[in-house]
Amino acid sequence: MRLSRSPSLRSGEYLEGMLSNYMGGVTNNNNYKPRPAQKATSSARLVTILTCLQFAFAIYATSLLYFMSPSIDLRTRLAQQWKQFTLMPPHIITHYQEEYSAKNIPGLINSSLVCEQEKIDFEQKKSNDAVMIKLKTDLYREILDFQSNTFGTETLPELMAMESKWDSRVPTTTPKVTVILNHFKRKTLCAQIDTLLHQTLPFHHIWVLSFGSPNEQNLKSIVESYNNSRISFISSTYDFKYYGRFQVALQTEADLVYILDDDMIPGTKMLQTLAHVAGTEKYENSVLGSIGRILPFRQKDFTFPSYRKFRSKEAGLYLPDPAYGITIDRVVRVDFLSSSWFLSAELVKTLFIETPFTFMTGEDLHLSYQLQKYRDAGSFVLPVDPTDKETWGDSEHRLAYVSETTVIFKDIVQVRDDQWWRALSNGYITQWAAMYPQKVDALFYAHSVEEITALAPLLEKIRTTPGKKAYVVVSGGKFCPCEDAVRALKWPKAVCRERRFKIFDLGIGLLSEMSKSEVPVLQAVYASMRGLIKIHNPSIVVAVSDIDGHVKKALRMASETNSNASALVLLPKASVPKALWMADLRPTALPNWNKMRLSVSIITQNRASSLTRLLKSLSDAYYLGDEVPIIFNMDSKVDEATLKLVNSFEWPHGPKVLRRRIIQGGLIRAVSESWYPSTDDDFGLLLEDDIEVSPYYYLWVKYVLLAYHYDPQVSLPELSSISLYTPRLVEVVKERPKWNATEYFKQIHPNTPYLHQLPCSWGAVFFPKHWKEFYVYMNMRFTEDAKQNPVQIPKSRTNGWQASWKKFLIDMMYLRGYVSLYPNFPEQASFSTNHMEPGAHISAKDNVVKHDKTDFEVPLLKRDFRDFLPNGKLPPASKLPSLNLFNQALSLKGLKSAGAKLGQDVLRCNNATEIVAVDHETGLPSHCAAF
């Protein structure tokens with residue numbers, strides 16, 4: 001870059017010559033005649049010398065005062081002298097001095113001699129297309145109404161009445177503003193400088209840029225003619241295009257920057273207006289301007305048109321647009337600004353966080369996109385006073401204000417279309433996205449082709465499920481470009497070029513190639529995913545669990561910022577095909593994916609071989625990457641083999657806790673005290689050591705909880721537990737007849753799950769609120785003598801159970817109408833089975849009941865349970881059949897009615913219409929409630 005100065009008076013040489021002439025006796029008086037030589041006396045010579053010294057001092061003092069005056073820059077004078085002896089090298093930026101009178105200083109160029117006023121034969125076009133006028137004005141009103149209702153819009157007087165830190169009336173709060181004028185061929189520089197010199201808020205500097213301009217010499221002469229120290233000329237034979245002016249802006253020490261195209265002649269009040277608005281709390285983190293664009297809206301075919309599409313409402317808006325009678329009387333947020341930008345110097349840096357899509361065009365969109373993405377900053381077009389041109393961003397309302405005069409070349413239009421679509425695909429929240437927030441079930445993220453391949457089955461399952469919607473985001477670059485991703489998904493290549501939501505390429509790989517630091521990747525993934533999540537509001541964001549740790553952190557942060565609660569689901573690659581049932585969950589249930597926490601509580605004492613079998617089955621199960629704590633509850637008589645086993649057992653899915661009693665508690669205490677919920681999302685799986693579980697047990701538990709407990713659209717407060725086991729007997733009647741659920745429900749569906757009033761003790765998950773309630777109930781009703789228990793359920797053999805915690809739970813569930821959900825698969829295949837090994841009950845000396853192992857040991861389910869469910873998924877809660885304690889069909893209301901009729905609960909309630917209600921935080925009974 002280089003800059004040259006205007007010629008000026010050589011004051012040093014002039015002073016030297018004047019003194020030499022004086023000392024040498026030279027004069028300009030024409031009447032002067034030489035006198036005869038006289039002998040000078042010593043005193044005469046002394047007087048002459050003193051007189052000369054006095055005159056020299058007077059000249060020096062006058063010169064010093066002259067150079068110290070406000071209108072003269074001494075450094076420039078010295079530089080001008082130095083310039084006579086040196087050649088100015090290229091690529092040097094210098095400054096121009098404050099104005100002084102050209103007619104009093106020889107060699108100075110007068111601006112009136114070099115300025116060229118551009119004459120534009122242009123008449124403002126006015127559309128007579130009534131349809132388009134209506135489409136455009138209607139869209140503008142929709143946008144303005146939305147913005148007014150969302151964050152408010154102000155008129156110019158309202159903006160100027162707002163409190164601002166930049167108050168030009170107070171010297172200490174007057175901002176420094178650097179104005180940057182970029183010129184190539186247009187002849188508007190003088191007009192721009194003239195209006196800037198008359199601004200009601202003085203500028204700090206004007207930098208005139210000429211990059212590769214054929215008119216460089218003319219532009220330089222114009223700047224020289226103003227001879228103003230605040231105006232600088234910066235030139236280069238290389239054309240830095242549209243981004244060059246923003247690169248130069250990085251060098252300013254001013255508070256604010258005003259960058260103008262060469263077709264903008266701002267009114268004299270513009271700087272003051274812009275600075276005032278930029279100093280308000282509401283708009284300080286913004287870029288302000290006079291012209292802007294609203295990017296395209298989605299069409300009925302779910303594609304987005306070109307922003308230059310003719311006769312299309314969805315193509316967006318150019319604001320203001322006099323052709324359609326659209327003027328700006330209130331501040332309006334736009335997707336990007338054109339022709340002028342006013343922003344803090346600090347915000348300019350944001351433009352260069354990401355490498356632009358291209359340096360050939362589109363700096364206007366890239367600036368607004370980067371500001372929103374990394375600074376949460378908006379772009380706003382300010383209103384004007386239609387009767388006062390001095391408030392206009394272009395007082396002439398010429399070329400810049402007409403959309404038809406902007407970019408029209410087909411290849412450039414295509415580049416800009418690609419640019420704004422890429423921005424939207426990378427999380428840019430346009431006005432359309434803000435006005436029409438989307439809702440998808442899942443947003444998948446893959447950082448490599450291997451990851452997209454692993455996620456493909458679940459992605460395809462959700463996409464092909466009626467009423468479901470899922471998109472995929474890939475890192476791009478060398479890791480997972482769109483083209484490779486669609487090949488892995490077996491999608492057509494064209495989807496990478498369509499302006500339709502399906503797959504988003506973030507281009508993250510390009511950043512990581514340039515830096516060995518994790519910061520660019522983390523920042524880019526977080527910023528892009530945050531925007532995409534805000535636009536599409538996915539219920540879940542899905543990625544593989546072994547994804548790069550920094551990317552995982554970025555995804556977690558992005559998910560947590562969404563006010564609509566998007567859950568981050570990290571699945572082990574091997575578990576993805578086992579989790580296809582996710583597609584059947586409602587979008588209201590999916591955000592609760594990470595809420596539940598299952599604690600596995602094992603009751604054991606001296607059956608090490610049985611415990612080994614149980615632990616192996618637990619280890620072989622699918623846990624979907626969830627944390628699952630395991631707790632070992634050992635009675636005081638635990639044997640050495642069991643102790644060694646539990647101590648050496650490694651559990652990779654969560655913490656391992658060991659508990660051992662000092663005093664033998666017996667089975668009733670060992671089970672009931674083995675687990676207590678820490679939160680309302682803490683669920684307990686109670687297992688005796690002779691139980692074995694299916695590898696699908698955890699998938700079933702999670703599926704049921706999300707479908708029936710965590711879906712806010714489902715109300716099933718009666719559900720208190722989930723049984724993993726399917727019984728083959730009716731165990732509460734004396735005869736204990738055989739029972740087959742598949743046969744019983746064949747008229748509904750042979751494999752429908754069902755609700756049963758009987759709790760399960762051979763593998764069941766208990767709900768936290770109901771377990772707290774059970775603790776309180778058993779504490780109030782426990783007696784050593786079962787006959788002293790006031791609850792006697794008619795015809796139930798449980799009345800005589802003395803050493804069973806299950807008896808108290810049965811009583812509570814019967815009195816209050818609670819149920820457990822049971823699986824129902826062919827041959828009673830279950831998620832748990834009981835091997836009926838000798839213990840506290842089985843083969844006990846005092847147990848007169850004989851047990852046939854085939855009546856209790858059921859096969860474990862070894863395949864995907866969706867293959868058996870009605871329509872391949874869990875039925876709606878309202879369609880679940882329910883049974884009473886004796887395996888008889890009865891509605892949930894009928895169950896409550898039977899409990900109320902018995903009237904033996906801890907509170908006395910109306911036997912016909914009320915049951916006991918409890919405080920779910922403490923489990924204590926609180927009042928009687930109607931059902």
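1. How many salt bridges does the count come to? The model is a predicted one, and the count comes to 41 salt bridges. One of them joins Glu 154 to Lys 282, with the closest N and O atoms 2.6 Å apart. This pair connects distant parts of the chain, the two residues being 128 residues apart. Glu 154 belongs to the loop between helix 5 (130–150) and helix 6 (156–161), while Lys 282 belongs to the loop between helix 10 (270–278) and strand 5 (286–289).

2. Two helix pairs deserve attention. Two packed helices are described by the angle between their axes and the distance between the axes. For helix 20 (residues 608–619) and helix 21 (residues 640–648), the axes come within 9 Å and cross at roughly 20°. Angles under 35 degrees count as roughly parallel, and helix 20 and helix 21 are therefore roughly parallel to each other. On the helix 20 side, Ala 608, Leu 611, Thr 612 and Leu 615 take part; they meet Ala 641, Thr 642, Leu 645 and Val 646 of helix 21. Sorted by class, this contact of helix 20 with helix 21 has 6 nonpolar residues, 2 polar residues and no charged residues.

3. In the second pair, the axes of helix 25 (residues 768–781) and helix 26 (residues 805–816) come within 10 Å and cross at roughly 110°. Helix 25 and helix 26 are therefore roughly perpendicular to each other. Helix 25 contributes His 770, Trp 771, Glu 773, Phe 774, Tyr 777, Met 778 and Arg 781 to the contact. From helix 26 come Trp 805, Phe 808, Leu 809, Asp 811, Met 812, Leu 815 and Arg 816. The residues of the contact of helix 25 with helix 26 comprise 9 nonpolar, 1 polar and 4 charged.

4. Most residues other than glycine have a negative phi, and most peptide bonds are trans. The peptide bond from Leu 319 to Pro 320, however, is cis, with omega near -5°. Pro 320 is located in the loop between strand 7 (317–319) and strand 8 (332–334). Lys 241 has a positive phi, near 55°, although it is a residue other than glycine. Its place is in the loop between strand 3 (231–236) and helix 9 (244–249).

5. Which residues form a nonpolar patch on the surface? Leu 46, Ile 49, Leu 50 and Leu 53 do so, and together they have about 400 Å² of accessible area. Of these residues, Leu 46 is found in helix 2 (residues 42–67).

Definitions and conventions. Residues are numbered from 1 along each chain as its sequence is written. This is a predicted model: local features need pLDDT of at least 70, side-chain atom pairs count only at pLDDT 80 or more; totals for chains, interfaces and linings use all residues. Side-chain values use heavy atoms; hydrogens and water are left out. Patches are made of residues with over 30% relative accessible area and no salt bridge: like charges are joined within 9 Å, nonpolar side chains (Val, Leu, Ile, Met, Phe, Trp, Tyr) within 5 Å. Accessible areas come from the Shrake-Rupley method with a 1.4 Å probe; for residues, only the protein chains shown count as cover. A salt bridge is a side-chain nitrogen of Lys or Arg within 4 Å of a carboxyl oxygen of Asp or Glu. Helices (H or I, at least four residues) and strands (E, at least two) are DSSP runs, numbered from the N terminus. Axes are lines fitted to C-alpha atoms, for helices over the stretch in contact, and angles run from 0 to 180 degrees between N-to-C directions. Angles under 35 degrees count as roughly parallel, over 145 as roughly antiparallel, 65 to 115 as roughly perpendicular and the rest as oblique. Contact means heavy atoms within 4.5 Å. Ala, Val, Leu, Ile, Met, Phe, Trp, Tyr, Cys and Pro count as nonpolar, Asp, Glu, Lys and Arg as charged, and the others, Gly among them, as polar.
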